[in-house]
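I opened the model and kept notes as I looked things up. The entries follow in the order I made them.

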Amino acid sequence: MSETIAQNKVVAIHYTVKTEDGQTLDQSKEGNPLSFIHGRGMLIPGLENALEGKATGDSFTAEVKPEEAYGERHDGLIQTVPRNLFGENEVQPGMQFRASTDQGEQSVVIVDVKDDEVTVDGNHPLAGVNLNFDVEVVEVREATEQELEHGHVHTDGEDH
């Protein structure tokens with residue numbers, strides 16, 4: 001009997017994630033599965049929950065709502081700031097910057113640039129988006145003590 005996915009198991013999956021309208025956002029690269037230690041917060045909660053109890057060879061689809069992915073969009077995270085905060089840096093819509101906020105470091109995306117003002121959006125680019133995953137479980141195994149201690153999967157006997 002194959003092992004099932006549970007807390008602290010090493011899991012390898014092939015996946016494709018798309019938006020509701022079918023736009024592919026990400027997928028496992030070049031035939032290499034994504035490997036991770038389950039239950040350590042390495043994946044969005046909705047995908048981890050959908051994987052729980054699955055076994056090697058299982059294929060499934062999962063729809064993940066924003067509250068179990070990157071959260072809902074919050075208008076309060078969109079603000080206009082003085083252009084001079086960016087110094088001599090070129091600023092154009094779509095560019096990403098790290099900003100220091102009251103809550104610590106945060107990524108922001110520039111959404112509009114005027115002469116002396118820049119509008120930035122601190123929402124995650126996928127906030128408010130329903131995500132659709134196609135997943136194939138490639139491997140489920142016990143994590144080694146070293147993997148649990150280091151918090152990540154070691155591949156092909158790799159050690160630090």
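How many aromatic pairs does the structure hold? I found one aromatic pair. Rings of Phe, Tyr and Trp (its six-membered ring) pair if their centres lie within 6.5 Å; planes under 30 degrees apart count as stacked, over 60 as edge-to-face and the rest as tilted.

**Ground rules.** I noted that this is a predicted model, where local features need pLDDT of at least 70 and side-chain atom pairs count only at pLDDT 80 or more, while totals for chains, interfaces and linings use all residues. Residues are numbered from 1 along each chain as its sequence is written, and side-chain values use heavy atoms, with hydrogens and water left out.

**The ring pair.** I looked up Phe86 and Phe97: their ring centres are 5.0 Å apart and their planes stand at 70°, so the pair is edge-to-face. Phe86 is in the loop between β5 and β6 and Phe97 is in strand β6, so the pair ties together parts that are eleven residues apart in sequence. Helices (H or I, at least four residues) and strands (E, at least two) are DSSP runs, numbered from the N terminus. Both Phe86 and Phe97 are buried. Buried means under 20% relative accessible area, exposed over 50%, and partly exposed in between (1.4 Å probe, protein chains only).

**A charge over a ring.** I also checked Lys54, whose charged end sits over the ring of Phe60, 4.7 Å from its centre. The rule is that NZ of Lys or CZ of Arg is within 6 Å of the ring centre and within 35 degrees of the ring normal.

**Domains.** I wrote down domain 1 as 2–68 + 125–148 and domain 2 as 73–119. Such bounds come from an automatic or database domain assignment. The centres of domain 1 and domain 2, taken over C-alpha atoms, are 32 Å apart.

**Largest pocket.** The largest pocket has a volume of about 310 Å³. Of its 16 lining residues, Gln79, Ala99, Thr101, Val108 and Val120 are the closest to its centre. A pocket here is an open set of points on a 1 Å grid over the protein atoms alone, where a 1.4 Å probe fits, with protein on both sides within 12 Å along at least five of seven lines; lining residues have an atom within 4 Å of a point. Grid points are joined across faces, edges and corners, and a volume is the space filled by probe spheres set on the points. Strand β6 gives the largest share of this pocket's lining, five residues. I sorted the lining of the largest pocket into eight nonpolar, seven polar and one charged. Ala, Val, Leu, Ile, Met, Phe, Trp, Tyr, Cys and Pro count as nonpolar, Asp, Glu, Lys and Arg as charged, and the others, Gly among them, as polar.

**Second largest pocket.** About 220 Å³ of space lies in the second largest pocket. Among its 14 lining residues, Tyr15, Val17, Asp26, Tyr70 and Phe133 lie nearest its centre. β1 gives the most to this lining, with three residues. By class, the lining has 13 nonpolar, no polar and one charged.

**Single residues.** Val129 is in the loop between β8 (117–121) and β9. Val129 and Glu67 are 62 residues apart in sequence and 9.3 Å apart in space, C-alpha to C-alpha. I then looked at Glu30, where phi is near 45°, a positive value in a residue other than glycine. Glu30 is exposed, with a relative accessible area of 78%.
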